[in-house]
Amino acid sequence: MESLQVLPEVDMTAAPLMEARGLVKDYGRVRVIDDVSLSLYRGETLGLVGESGSGKSTVARMMLRLIEPTAGSVVYRPHGEGKEIDVLGCSRTEMRRLRRRLSIVFQDPYAALDPRMTVRQILCEPFAIHGEQPEEGVDARLAAMLKDVELDASALPRYPHEFSGGQRQRINIARALALRPEVLVLDEPVSALDVSVGAQVINLLQEQQRRHGLTCLFISHSMPLVRYLCHRVAVMKRGRVVELGPWQQVCERPQEAYTQQLLAATPELPAAGPELPAAGPELPLA
Ligand SMILES: Nc1ncnc2c1ncn2[C@@H]1O[C@H](COP(=O)(O)OP(=O)(O)OP(=O)(O)O)[C@@H](O)[C@H]1O
């Protein structure tokens, strides 16, 4: 099957923007992550796939230090600054500063938004946490953030329960992008949504990535989605990366029987139907 992708070019000769080496996580005596190393190149989308419980979320959270690894290292090289940051060696203050550069969108758009907060409060929260004022002024920034996710300013005084699942995930994405992060972890961002709503959210994420040069770690159960969105794919099984390579290699010539099983478990992307966006930069079906 030919690629449907029009992915941004990635320079893999440069040093990776983020690098995890030898990550280990033990819970008591149980080793759930065992010697995982991953690189994220600037502007790329790296897919992280594997069956439920294989360790995808734990690895991603360790890379952002939302979970403290038992062993290993994570290096972040902010673009254009010519320095290396040892993420696991950062103090609390340094980590707070870093959080604005490294962001995450969680799977569940229902649970991720505080039902007592208006959209305005939700979108202003990252600025408040980091003690920042948007350069262009709060109202202009909020309007731009909403426009980026194809919502308008009428959303601002409303509460999360007034929105559909897809709209809530857009609000989540707007919040995650508020401080213009360089790295965005997407932890199954559309798996709780209907297929066509998920497709719209994926297209929107791709557009944001193009526009802002984001680097993404995309966690998914869906091989067709990963094939559509990702430059490279890492396959996890029982806490280890068992296969890693360009999507063409992993999705079309998988070396591991486990990867072949994952591919067999999810169907190919079908051709675009009348109710779906056209192929090309738009996603035909999730
Ligand atoms: N706080 C915890 N205490 C004990 N074990 C944990 C904890 N968090 C995760 N685990 C275990 O670590 C393993 C990896 O979990 P993780 O959530 O990273 O997998 P996953 O691949 O992201 O799964 P899913 O696709 O279902 O989200 C699982 O066996 C899980 O039960």
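This is a predicted model: local features need pLDDT of at least 70, side-chain atom pairs count only at pLDDT 80 or more; totals for chains, interfaces and linings use all residues.
Begin by selecting the six strands that form an open sheet, which follow one another in the order β6-β7-β8-β3-β9-β10 and pair in a mixed fashion. At the edges you will find β6 (102-105) and β10 (240-246), and because each has a single partner strand, one side of each is left without a neighbour in the sheet. If you turn the view to look along the sheet, you can follow its twist, which averages 15 degrees from one strand to the next. Strands of a sheet pair through backbone hydrogen bonds, either parallel or antiparallel.

Now select β6 together with β7, a pair that runs in the parallel sense and is joined over four bridges.

Then move to residues 257-265, helix α9, which lies across β3 (45-50), β9 (232-237) and β10, and runs at about 105 degrees to β9.

**A buried loop residue.** Next select Leu193, which sits in the loop between β7 (183-187) and α6 (195-212). Is Leu193 buried or exposed? Leu193 is buried, because 21 other C-beta atoms lie within 10 Å, and the cut-off for a buried residue is 20 or more. Leaving aside neighbours within four places in sequence, the contacts of Leu193 are Gly165, Gly166, Gln169, Gly198 and Val201. Draw a distance from Leu193 to Gln169, C-alpha to C-alpha, and the model gives 8.9 Å, although the two residues are 24 apart in sequence.

**Two loop residues with positive phi.** Most residues other than glycine have a negative phi. With that in mind, select Arg65, whose phi is near 60 degrees, a positive value; Arg65 belongs to the loop between α1 (56-63) and β4 (71-76). Arg65 counts as partly exposed, because 17 C-beta neighbours lie inside 10 Å.

Finish at Glu150, where phi is near 60 degrees, again a positive value in a residue other than glycine. Glu150 is placed in the loop between α4 (138-148) and α5, and with 15 other C-beta atoms within 10 Å, Glu150 is partly exposed.

How values were computed: Residues are numbered from 1 along each chain as its sequence is written. A residue is buried if 20 or more other C-beta atoms lie within 10 Å of its own, exposed if 12 or fewer, and partly exposed in between; C-beta atoms are placed from the backbone. Two residues are in contact if their C-beta atoms, placed from the backbone, lie within 7 Å. Two strands pair if DSSP finds at least two bridges between them. Axes are lines fitted to C-alpha atoms, for helices over the stretch in contact, and angles run from 0 to 180 degrees between N-to-C directions.
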